[in-house]
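User: Please take me through this model in questions and answers, keeping each term tied to its cut-offs.

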Amino acid sequence: MQKKYLTKEQALQKLKQYCAYQERSHSEVVQKLWDLGVAKKEHDEIVVALIEGDYLNEERFAQQFAGGKFRMKSWGRRKILYGLKEKGVSEYNIKKALKAIDERDYLKTLYTLAEKKYEGLKGEQYLVRKKKTSDFLMQRGFEPHLINQALKDLTE
């Protein structure tokens, strides 16, 4: 089946809707351009038009991504960092997005998750409970020093 190529205007319209629906990273937009079969020489012009029209904003995307993953999925900073890197977000915007996460909420979430996990492993031996809880929190992307402190506070 022959792929139907869109004109620059058609592609721009589709991408405006794509970006208006939810925040997108630059890499997602470029991937969408490829998926739509838009000629490579037109990619930059379309991306610039989206940025100028404020449909595409990497800083806003990074903030939304970090906030959403933290609030909805209880991800730690490390997992959010890797998620943003995977999306091709700049170091500057990653740092800014991670700083936007409230420290009190972050620690509260960590302690809540630690407590739930630890309590859920009642039948296990003390060290096994601690290890499994620690592994769970590491997988969620929380920092090792914060996990150790939370487990220390929890087990005392």
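**Burial, fold and helix faces**

User: What percentage of the 156 residues of the protein count as buried?
Analyst: This is a predicted model, in which local features need pLDDT of at least 70 and side-chain atom pairs count only at pLDDT 80 or more, while totals for chains, interfaces and linings use all residues. Residues are numbered from 1 along each chain as its sequence is written, and side-chain values use heavy atoms, with hydrogens and water left out. Buried stands for under 20% relative accessible area, exposed for over 50% and partly exposed for what lies in between, with a 1.4 Å probe and protein chains only. By that criterion, the buried share of the 156 residues is 38%.

User: How many helices and how many strands does the protein have, and what is its radius of gyration?
Analyst: With helices (H or I, at least four residues) and strands (E, at least two) taken as DSSP runs numbered from the N terminus, the protein has nine helices and zero strands. The radius of gyration, taken over C-alpha atoms, is set against a globule rule of 2.2 Å times the number of residues to the power 0.38. For 156 residues that rule gives 15 Å, and the protein is more spread out than a compact globule because its value is well over this, at 21 Å.

User: Along the principal axes, what does the C-alpha trace of the protein span?
Analyst: The trace belongs to a chain that reads α-α-α-α-α-α-α-α-α along the sequence. Its extent along the principal axes is about 65 × 35 × 20 Å.

User: Which residues of helix 6 are buried, and which helices are included in what covers them?
Analyst: In helix 6 (residues 91-99), the buried residues are Asn93, Ile94, Ala97 and Leu98. They lie on the same side of helix 6, because they cover an arc of only 135° around the axis, the arc being that of the directions from the helix axis to the C-beta atoms. The face turned away from that buried side carries the exposed residues Tyr92, Lys95 and Lys99. The cover over the buried residues of helix 6 includes helix 4 (58-73) and helix 5 (77-86).

User: The buried residues of helix 5 pack against which helices?
Analyst: Helix 5 has Arg77, Ile80, Leu81, Gly83 and Leu84 as its buried residues. Their arc around the axis is only 165°, so they fall on the same side of helix 5. The exposed residues Tyr82 and Glu86 sit on the face turned away from it. The partners of the buried residues are helix 4, helix 6 and helix 7.

User: Is Thr109 buried or exposed, and which residues does Thr109 touch, not counting residues up to four places away in sequence?
Analyst: Thr109, which lies in helix 7 (residues 103-120), counts as buried because its relative accessibility is 19%. With contact meaning heavy atoms within 4.5 Å, and residues up to four places away in sequence not counted, Thr109 touches Phe70, Ser74 and Phe142.
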